[in-house]
Each structure stands twice: as C-alpha cells, then as structure tokens.
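Please examine the following structure with attention to how its parts meet.

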Amino acid sequence: MTAPNAADTQTFLDAYAERGKVDGPEWLASYQEESMKLFRAAGLPLPGSEEWKYTNLAGLRKREFALAGAQPQQITSTDLSELLICDPDGFLAVFVNGVFSAEHSRLPEAGSGIQVEPLSAAIENGSPGVEELVASGKTFGFESFADLNSALFHSGAWIHVTRGAEITEPLYLLHISDSPDGSLMTHPRNVVSLEEGARLTLIEDYLGLGDSAYLSNPFTHFQIADNAGAVHYRLVREGEGSFHVSNLGVRQAGHSSFTSHSFCFSGGVVRNDVAAFLEGEGVECTLNGLTVGRGEEHVDNHTRIIHSQPNCNSWEMYKAVLAEKAHGVFNGKIYVAQDAQKTDAKQSNQALLLSDTAVMDSKPELEIYADDVKCTHGATVGQLNEDGLFYLRSRGIGKEAARVLLVYAFASDLVSGIEHPGLKAGVEALLFEKLPGDCEPAGVTVGAT
Amino acid sequence: MLEIKELQAKVEDTQILKGISLQVNPGEVHAVMGPNGSGKSTLGKVIAGHEDYLVTGGSVAYKGKDLLDMEPEDRACEGVFLAFQYPVEIPGVGNNYFLRTALNSIRKYRGEEELDAFDFLELAREKADLVELDRSLLDRPVNEGFSGGEKKRNEVFQMAVLEPTLAVLDETDSGLDIDALKAVADGVNSMRGPDRGFIVITHYQRLLEYIVPDYVHVLHDGRIIKSGGKELALELEEKGYTWIEEEAANPAS
C-alpha cells in the first residue's frame, strides 16, 4: 500500500536506496530497513494533523535532499574557533554534514570514566549495549522524522559515562551543516547513557553555514540510570533556509536528574520534539527553552513529560521572543499515570511579541490520572511593558537600548540558568546579536546576582 | 530654568490640564498640591515626556529649550528627573545595572567619561546610605518585591545618583511611614542647592514639614487656582481644599 503522501517521501526513499546497506553488523541493516518501512508507511506528517497543526512543511515537501558522503568534510581549524559558541574547555566532537571530524575533535582518553566516539565506530566495535541503546530510540513515541533518522543515520556521538564517574568538563558536540547547493540532509544520531551515579554536562550545538536550504534531522536520546544526573544544553543556530527537525528522548531511572536548556536563535522552520519518561521514584526533570525569532522564522517546540512513578518533579519553562513575522509554537504535554502520586509538575510558557505580525500559538495539555498531585500550567503572550519602557527612558536610557534591556530581562531567567560561564557569555552575546537596536557588549550580566 | 506657559494636556479623550503656568528658577522648591484628579500627576508625566499624555496647547521651556520637543531620555540627559508615584517593577534587570546604564547614558550624552562597575558601585553605596536604602536592594531586580517605602527610597536614591537639575517628585510621600518620610526628605534636602530646582507634588502638607517649599501652588481641575508661600500649605491642612475651590469659583466673595 502506498502512503497518502508518497510523493513527498520519494526523495528520502531514493537516498536510502542509493546509499544501500551500510557496512556494519546485521542488526543495524535490519534496524535501518525496518525504520525505513515505518517511515514509508507513515510518510511525512500530514498538513492539518493535530501534532503538526501550526507547522507547515510545504516548503520541505517541495525539495529534494541528498545525503553527504561518508568521507570527512573539510573546514579549516581557524574557522572552527570562530564557529564555537564558547571555548570548549572540556571535550569536543565535531561533525561536518553529519560526518565525524577526528581532526577537529578532542575526545576523552580511555579509562577517564567517559567514552565518546562516533556512533559508527561504536557500532563497528560492538561497544557494550550499543544495539539495545540504538534500538531504544523506538520507545519514545516519536514518529516520521525519528524513523527517518533511524533509517538514514550514518553517525553521531556515542557517549557512555561509567558508574559513579562525575565528568566535570562539558562535552561539546558541534554539528555543522554546509549546504551550498541547497540539497543537504543530515541525520545525526546521538546516543547517551549514564550508569548509576554518573554525571555529565552535554552541549549540543547545531550550526548552519550560509542561507541555502538543508534538512537537519538529529535524534538524541538519553538513558539515565539510578542517581545519575545530566545537564543538557541545546543550541539551534541553523541557516535561514534550513529545516531543523529534532527529537530528544530521555529515560530516567530512580532519583536521577535531567536538566535541559534549549536555545533556538535561528533557523528557517524549526521543530523540536522532547519526550521525557520519568520511570523511577524521586526523579527530577527540568525542561527549559528560549526561542528568539525574527524575519519569517518558525519555531515549534513540542514537549511531553511522562510521570509514571510516584514522587517525581518536573519543571518546564519555555519562553519566546518573536519579532517581525516570526511564528512560535509551544505544545507541552504532561502525563501523570495513576501510580504517579505526589507528582509535582509545573509548566510555564511565555511569549513576548515585538511586532504586530509576530504570532505565538501555545497549547498546554495536562492528562492526569493520579489524584494526589500538584500540577500547574500557565501561558502568557504579551508585548513589551510600556510602563517599564517609559521608566527606563525617563532615567536617560535610549529607546532602543531600553527595549533591548526589557527583552533581555524577559529572557534572563533562562540565560541565568546556564552554569557554564563561557557558554553563558556566548548565549548572551547571541541574544544581543539577534535583538534589534543598540546592543550591550557580550558578557554583561544584567540580571540580579 | 523651567517655564510652563498655559499648558494643556489630555489623556485619551479626557482633558486633564487646562492651562497651567508655572516658573521654576534654580534653587527653588515649588510644591504643587491639590485634590485627587486635579492633574498633579499629569503635570509630572508631561514634564517627563510620557507618550500617553498628549499636549494640546501651551509650551514648556527648559533651560531655554523646548522641552516638549524632546524624547524622554533626552530630557533625562538634560537633567530632568521624575520620581514616580508608582515606581515600575522590572524583573530580570538588576537595580545596580539599570542605574549604571542610566547614569552612563547621561554621562555619554554630556560628553563625560562613563563609570566602570567598580566606581559606580562606590557611588551607589554612598548614595544608598544617604537615603537609607538597604544596600542589598542594589543587587535585586528593579523594584521587584520592594515594599512601598523601599520603592520610594529607591526613587530618591536614583535621583541622588543621577543628580538632576530639575527634579519632580510625584507623591513621593504617599504610603510612607514617618521614618521613611524623614529619610526621603533628608535625601531631598541634601540635594537642595542654588543650581537645582524641585517640584514637589503632594496631596498632604505633611511632607512639606520636612521639605520646606519656597512656593506652594494649588491645582484644581487642571488649573493653578492659588499660589503662595509655604504658609499656604498649612492653611490647606487646616481648612482642606474646599474653601480654595469655592474662592476660585466665586472670586468676588
């Protein structure tokens, strides 16, 4: 049977056929084949479907995409330092058009408690658990693009932190897309696992060079064991013509913590799906997100937090600053199973519209089957506070500077949550760069200490 | 220094100021009193340049320039300061950072060197102590979670740091207990000098016991209906506003 929108999937089917079976173990080939079947059957999300109500993929459907070759792609090292958002004082793994660049990367040594290597190498070497962990990507309830990623991924990062290892330096994954002819697609797959009591800080950075079209379709999943903790930063700095569709899946065992800070600064059409499964008692999960959009950028954040065990906390704060004709979407689902008593879940979504033509669609979804829980949600969409603006101006601060200050103030609680000083300064600089008007120099801390 | 002539202003469709004339010279303190709704706060907002207030007639000259033609930030840079009746809370912006940005904008406008964070902090601490503002409030977001008294002290603190030439205090006394009132008044009095003018807008005479004005003006229905010396304030305190309103309505009696 042919899917209703078979024509739209043809470019992906062709790419799959052209690439052929990848070198590697048999399980990988069958996994990718199975995933391609799922993708072909479901097709791209249909316009008007509930989960894609506000995000139109018409622009994507019209295009043809090709995979980059498996050979390393070139960038020069001097370019690289300019491309990084902060000085990577820890470990660095660079991927160019989906292909790992050993030349630019700095991976931890064996025996340091953390193993980082290209996923393709981990698969080839048969790293313990790699088959099960890759396959677990199917269990997050992601569809379509996640299946496409499973079918077409070549590499990405394999990250494993051993029991009790506390990795203090952050691991920085830089994914660069360079698509001068407008046909590139990448499907990076990052598989992260933390054993009991392990600690990790991971920075995922998606950067586009140039304004032409490409599809960036990363899929990252975390498996976090008892008492382990991960801090996750995600930056989207894609090009103007890009389609960035990401999936982030998290499974947390008892008394573990996961904190994600997502920053979207640029991209053509951006869709981020996050699903966090809280599967042990005493789990803490924080999902924060900041979108800064202008021009005709479209950024859609879909999150699901699934509480299935008692005594877990989840906090979620997504904010958007939208200028010109930017369009923001937030859909936040919190599911509390019958057994998940004493759940404490807070969700907040706030948007600041800087023009009459910017649009925000916000939709909280709470599905609660337990009776002894605390679940709150709130959504606000507003414009810059005129009283605040006048107050600042009446003290001598110019109109544009006052606007920037107020926008910064709106976003500041998300920026101040960044623990890594270099990254924080980098994000502040990007924020000011993206905002119109007189900008403050990078690195200032506006917020209260 | 400030010359207001026949000033008329409206907000939305309501005419609030119906022809106010007032001259403030350097070194003078003018009290503007009047009942609620008489237009006192509007006068302050118009001087500071709030965009919701539309000037429909008259003129305001400040140091020989047309004040009404200037953006609010330029008025501030020229030395005009309004202490707000309701100071605005600005979550996410530290009080110190805000005020340093303001001071440096003003200094830049005047071609003076900007202060670095260290020098500013020294200045800010000195001025905070002057108005008895708790130093811990310097690190907090602007006015957020401040008590009513702390907000008003914060206004006077800002005035002390920015050192305006013309300061308009809009009901800075409202909501203050006596200690706070004294602290605020001390702050203002310490700034009185031959080059600086004040307009003190108040509903009650109480503040004027501590900030003794040179002139008192009574505002009623958008007009100044009586002007006099500081004794006028005492008379108002005794008799209320009604007698003046009646006197203004029937000048012959």
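Q: How far apart do the C-alpha centres of domain 1 of chain A and domain 2 of chain A lie?
A: In this predicted model, chain A is divided into domain 1, covering 6–279, and domain 2, covering 385–449. The C-alpha centres of these two domains of chain A are separated by 31 Å.

Q: How many residues of domain 2 of chain A are in contact with domain 1 of chain A?
A: Contact is counted for heavy atoms within 4.5 Å. On the side of domain 1 of chain A, 13 residues take part, and their partners in domain 2 of chain A number 12.

Q: Which residues of domain 1 of chain A lose the most area to domain 2 of chain A?
A: The two domains of chain A bury about 1000 Å² between them, with 77% of it on carbon and sulfur atoms. Within domain 1 of chain A, three residues together make up 50% of what that side buries: Tyr233(A), Phe263(A) and Phe265(A).

Q: How many residue pairs are in polar contact across the interface of domain 1 of chain A and domain 2 of chain A?
A: Salt bridges between the two domains of chain A number zero. For polar contacts, with both residues at pLDDT 80 or more, the number of residue pairs found is three.

Q: Which element gives the most to the side of domain 1 of chain A that touches domain 2 of chain A?
A: Two or more residues of that side come from each of β12 (229–237) and β14 (257–266) of chain A. The side as a whole divides into eight nonpolar, two polar and three charged residues. With four residues, the element that gives the most is β14(A).

Key
Residues numbered from 1 in each chain as written. Chains lettered and ligands numbered in written order. Predicted model: local features only at pLDDT ≥ 70, side-chain atom pairs only at ≥ 80, totals over all residues. Heavy atoms only, no water. Domains from an automatic or database assignment. Buried area = accessible area lost by both parts, 1.4 Å probe. Salt bridge = Lys/Arg side-chain N within 4 Å of Asp/Glu carboxyl O. Polar contact = N/O pair within 3.5 Å; in protein donor to acceptor, adjacent residues only side chain to side chain. Nonpolar A, V, L, I, M, F, W, Y, C, P; charged D, E, K, R; others polar.
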